[in-house]
Amino acid sequence: MQHFTHLIDLASVRLGAEVVAANDEFFAPKENLIKPEPAIFIPDKYTDRGKWMDGWETRRRRTPGHDWCILKLGQPGIIRSLVVDTAFFRGNYPSHCSLDACGIPEGTDLTALTDGSIRWHSVLPQSELRGDAENPLTIGDPRRFTHVRLNIFPDGGVARLRVLGEAMPDWTRVLADAAEIDLAAILNGAHLVDTSDRFFGEPANMLMPYPPANMGEGWETKRRRGPGHDWSVVHLGIEGTIRRVEGNYPESCSLEAAIMKDDRGGVSADSTTVRAHWNTVLARTQLGPDAHHTFDTVLTPGVTATHVKLNIFPDGGISRMRIRGVPTSTARQGAVLGLLNVMDEPELRAALANYLSAPAWIDRMMASRPFATPAALFAASDAAADALRDEQWLEAFRHHPRIGERTAERAQSDVSSGWSAREQSAVHGATAADVAALAEANREYERRFGHVFIVCASGRSARDMLAALRARLGNHPSMELKTAAAEQRTITRLRFEKVLG
């Protein structure tokens, strides 16, 4: 098995990758870099600028410097390897390349990638390239990135760029709301470990999020002429309890599950040492052709797994497989803490602001990484909150909507806005009289204290919160600020607990 069998192309256009900027694309457009098909060469094809080339090509550089191209990855993740393919670029390929990367939150103005306001990290030093060849290059940076910048020296053409890595979703978003997720989704970090046969189609295709265009975009084995059956082993993106299996399969199939030590280099699935770990989730079941099958009530209940083994009898093809389940508490904690520990600074700042939007608190949290356990995260949060001054608490309060409203004074992310709405959900079902009374009480509170009323609204009715607000109107302003800060700390703690499970 190859060392990098578990990696996917994070820059795949099928996963949503985009080429967002380049300083030059005079001879051939930058979008060619991430085309899924191999580059081609047409000897007699020319444009009004010169020879047509299936790649990205810049003009001859007559001044000092180098050329560059910026890509938004289709799936954020940890980059392990880079393939710079200079197919058919012989006398016009760059002599060297390097790679920079960064992680930025969704919604960031893309001009920030080119105006110097975003810090780029060098993840590959200047490395020599060969012309008309695939140039594999190893990346050793452990951080999670969303964008890469390919630098070529001094100029020239590159046919294709493949950014191979481990997909890492934003678990703070994925786990915030959904009780059940696709444990076997590529976008949730799942990957193929091993297979008995990949003659006609790559088994990793089963985990892809997009629908297949044809039979070649699924897993298909050659026709079996002897005894036995074909199988594929998948490392789930996160350990979980399996509740539902979906897909379309051959004559019959079965599914087994196991909990194994995490081994990104691969797990042997054809030895007795592994066979003893497998538990049946779905017994061998007859299937119909060209149909979508869903299994839930027939599954063995309560099976928890890190890996699944799909068996198909005797051979055949499978388009897609979905393993729906609930992540375990321990796995949730490991996933969230792992994410926070490897996020780049701009993205981490935005993520932490969903819990407490005080820049000073965020600074201290970032300086406290890595977080080894939930207890360490909570301790860091408490210590950072202890150090906040009054004006820093007031800044955090500005990111909360009034009770009964949806919009805050300062902008909220969609995650934070969604949490606020759910925390205040009891208000949205309140009577018109209670809503009006809350609105008037909010105005009275703000006239007295100069900031929005902060209360942990989870599980509280509109009348309950109205009573709490009126009771606090009698507080001295300094005491009320401390009370509001304590409520904010409770909100922060509950939001962390929600994603950690």
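Modeller: A residue is called buried when its relative accessible area is under 20%, exposed when the value is over 50%, and partly exposed in between, with a 1.4 Å probe and protein chains only. By that rule C456 counts as buried, at 11% relative accessibility. Please keep in mind that this is a predicted model, in which local features need pLDDT of at least 70, side-chain atom pairs count only at pLDDT 80 or more, and totals for chains, interfaces and linings use all residues. Residues are numbered from 1 along each chain as its sequence is written, and side-chain values use heavy atoms, with hydrogens and water left out.

Biologist: Is V452 buried or exposed, and which residues does V452 touch?

Modeller: V452 is buried, because its relative accessible area is 11%. V452 lies in the loop between α10 (432-449) and α11 (462-472), where helices (H or I, at least four residues) and strands (E, at least two) are DSSP runs numbered from the N terminus. Contact means heavy atoms within 4.5 Å, and, leaving aside residues up to four places away in sequence, V452 touches F397, H400, P401, R402, Y445 and E446.

Biologist: How many disulfides does the structure hold?

Modeller: A disulfide is a pair of cysteine sulfur atoms within 2.5 Å, and the structure holds 0 of them. For C102, the closest cysteine sulfur belongs to C69 and is 13 Å away, so a bond is ruled out by distance. C102 is also buried, since its relative accessible area is 0%.

Biologist: How should I read a strand such as β10, and with which strands is it joined by bridges?

Modeller: In a regular strand the side chains alternate between the two faces of the sheet. Two strands pair if DSSP finds at least two bridges between them. Strand β10 (residues 144-153) pairs with β6 (residues 67-85) in the antiparallel sense over 8 bridges, and V148 in β10 is the bridge partner of L71. Strand β7 (residues 96-102) also runs antiparallel to β10, joined by 7 bridges, and here R149 in β10 is the partner of D100. The strand is mostly covered, with 9 of the 10 residues of β10 buried.

Biologist: Which residues of α8 are buried, and what covers them?

Modeller: In α8, the buried residues are V415, S416, G418, W419, S420 and E423. Their cover includes α1 (171-177), α9 (425-428) and α12.

Biologist: How many cavities of 30 Å³ or more does the count give, and what lines the largest cavity?

Modeller: Rolling a probe the size of a water molecule over the atoms shows where empty space is left. On a 1 Å grid over the protein atoms alone, a cavity is a set of points where a 1.4 Å probe fits but cannot get out, and lining residues have an atom within 4 Å of a point. Grid points are joined across faces, edges and corners, and a volume is the space filled by probe spheres set on the points. The count comes to 4 cavities of 30 Å³ or more, and the largest has a volume of about 100 Å³. Its lining includes H400, P401, S420, E423 and R495, and α8 (414-423) and α12 (477-500) each supply at least two lining residues.

Biologist: What is the volume of the second largest cavity, and which element gives the largest share of its lining?

Modeller: The second largest cavity has a volume of about 60 Å³. Both α6 (374-386) and α12 give two or more residues to its lining, and the largest share, 4 residues, comes from α6.

Key: On a 1 Å grid over the protein atoms alone, a cavity is a set of points where a 1.4 Å probe fits but cannot get out, and a pocket is an open set with protein on both sides within 12 Å along at least five of seven lines; lining residues have an atom within 4 Å of a point.
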